[in-house]
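This report covers the core and selected contacts of one structure. The sequence and model are shown first.

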Amino acid sequence: NIFRTIGYKKKYVKVPHGHIWVEGDHRGHSFDSNAFGPVSLGLLHARATHILWPPQRWQKLQPMLPPERKPLQREQE
């Protein structure tokens, strides 16, 4: 898939099969794919499922991708 990036050295990036693009919640101050590129799924250890702090934000996280971050092009699998 090809995605538009935020802060990466290229405006668009192709994420290879078997890899993911990870981004922190504090753009510009997160050590994430914008700093080092796509990440192999083999390195994934966990997935965020809930927000616990601060208490007024407690919630279960739902998979969601803002429209402006949807893949620009999908490869045939």
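Predicted model: local features only at pLDDT ≥ 70, side-chain atom pairs only at ≥ 80, totals over all residues.

Residues are numbered from 1 along each chain as its sequence is written, and side-chain values use heavy atoms, with hydrogens and water left out.

Phe3, Tyr8, Val13, Val15 and Trp21 form the largest nonpolar core, which has 5 residues. Such a core is a set of buried Ala, Val, Leu, Ile, Met, Phe, Trp, Tyr and Cys residues joined through side-chain atoms within 4.5 Å. In soluble globular proteins, nonpolar side chains tend to be buried together.

Asparagine 34 lies in helix 1, residues 33-36 (helices are DSSP runs of H or I, at least four residues; strands are runs of E, at least two; both are numbered from the N terminus). Lysine 11 sits in the loop between strand 1 (2-4) and strand 2 (12-14). The table gives accessibility for these two residues; buried means under 20% relative accessible area, exposed over 50%, and partly exposed in between, with a 1.4 Å probe and protein chains only.

| Residue | Relative accessible area | Class |
|---|---|---|
| Asparagine 34 | 15% | buried |
| Lysine 11 | 56% | exposed |

A polar atom of the asparagine 34 side chain lies 3.5 Å from the backbone nitrogen of tyrosine 8. Contact means heavy atoms within 4.5 Å. Beyond four places in sequence, tyrosine 8 contacts Val13, Trp21, Ser33, Asn34 and Gly37, and lysine 11 touches Phe3, Arg4 and Thr5.

How values were computed: Polar contact = N/O pair within 3.5 Å; in protein donor to acceptor, adjacent residues only side chain to side chain.
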